[in-house]
Amino acid sequence: MNEQQESFMRQAIALSVENVQNGGGPFGAVIVKDGEVLSYGVNRVTANDDPTAHAEINAIRTAAAKLGTFDLSGCQIYTSCEPCPMCLGAIYWAHLDKIFYGNTKSDAAKIGFDDSFIYTELDKPADQRTIETVQLLAKEAIAGFKEWEKKTDKISY
């Protein structure tokens with residue numbers, strides 16, 4: 001790791017500490033493009049009553065809005081902790097090039113942020129998951145997909 005990368009990681013770590021002091025969770029993230037900080041994010045789940053308000057998600061939303069695109073190729077994310085399944089999915093959907101993280105998911109589990117059950121749930125068939133999952137109106141739901149297939153000016157993502 002070089003000095004610049006360490007500096008970006010220290011910013012993510014500082015955000016996590018400051019966020020705890022400001023009523024949020026112990027997570028911070030920084031998105032970088034071309035060696036410059038593009039956006040910051042902190043965990044505001046309980047502060048905002050939003051289960052999706054993780055540091056990485058908030059940083060991705062800000063970066064995408066700032067760049068005017070959902071495609072964050074060419075960007076890297078520095079996060080104070082290894083991303084949870086939701087954040088990891090968002091990082092992949094956003095096409096970020098690289099993830100740098102500080103704490104591990106095991107470190108997070110030790111303080112009550114254990115997401116291992118989500119990984120376990122994802123491996124199960126839908127009908128065996130803890131939250132009841134029922135497919136409904138599949139023949140009608142396909143209409144949206146058919147419209148998408150016909151669309152000539154769609155933007156793939």
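## Helices, contacts and aromatic pairs in a predicted model

N58 counts as buried, because its relative accessibility is 18%, which falls under the 20% that marks a buried residue. This residue belongs to helix α3, which covers residues 55-67, and the model in which it is described here is a predicted one. When neighbours within four places in sequence are left aside, N58 is in contact with Y40, G41, V42, R44 and A53.

Helix α1 runs over residues 3-21 and so has 19 residues; from its first C-alpha to its last it reaches 27 Å, close to the 27 Å expected at 1.5 Å a residue. Which residues of α1 are buried? They are Q5, F8, M9, A12, L15, S16 and N19. These residues cover an arc of only 110° around the axis, which puts them on the same side of α1.

The N-terminal end of α1 is capped by N2, a side-chain oxygen of which lies 3.0 Å from the backbone nitrogen of Q4. Just after α1, G23 takes a positive phi of about 90°.

### F8 within helix α1

One of the residues in helix α1 is F8, which counts as buried because its relative accessibility is 6%. Leaving aside its neighbours within four places in sequence, F8 is in contact with V30, V32, G35, E36, V37 and Y78. The C-alpha atoms of F8 and A59 are separated by 13 Å, and these two residues are 51 residues apart along the chain. F8 also takes part in a cluster, in which ring pairs link it with Y78 and F100.

### Aromatic pairs and a charge over a ring

How many aromatic pairs does a search of the whole structure find? The search finds five, and two of them, both involving Y157, are set out in the table.

| Pair | Geometry | Centre to centre | Between the planes |
|---|---|---|---|
| F70 and Y157 | edge-to-face | 6.0 Å | 70° |
| W93 and Y157 | tilted | 6.1 Å | 55° |

F70 lies in the loop between α3 and β3, while Y157 lies in the segment after α7 (138-150), so the pair of F70 and Y157 ties together parts that are 87 residues apart in sequence. F70 counts as partly exposed, because its relative accessibility is 39%, whereas Y157, at 59% relative accessibility, counts as exposed.

The pair of W93 and Y157 also joins separate parts of the chain: W93 lies in helix α4 (residues 85-93) and Y157 in the segment after α7, so the parts tied together here are 64 residues apart in sequence. W93 is exposed, as is Y157.

A further arrangement involves a charge and a ring, for K105 lies over the face of Y119, at 4.5 Å from the ring centre.

Notes: Residues numbered from 1 in each chain as written. Predicted model: local features only at pLDDT ≥ 70, side-chain atom pairs only at ≥ 80, totals over all residues. Heavy atoms only, no water. Helix = DSSP H or I, 4+ residues; strand = E, 2+ residues; numbered from the N terminus. Expected span 1.5 Å × (residues − 1). Buried < 20%, exposed > 50% of the residue type's maximum accessible area, 1.4 Å probe, protein only. Arc of directions from axis to C-beta. Polar contact = N/O pair within 3.5 Å; in protein donor to acceptor, adjacent residues only side chain to side chain. Contact = heavy atoms within 4.5 Å. Phe/Tyr/Trp six-rings, centres within 6.5 Å; stacked < 30°, edge-to-face > 60°. Lys NZ or Arg CZ within 6 Å of the ring centre and 35° of its normal.
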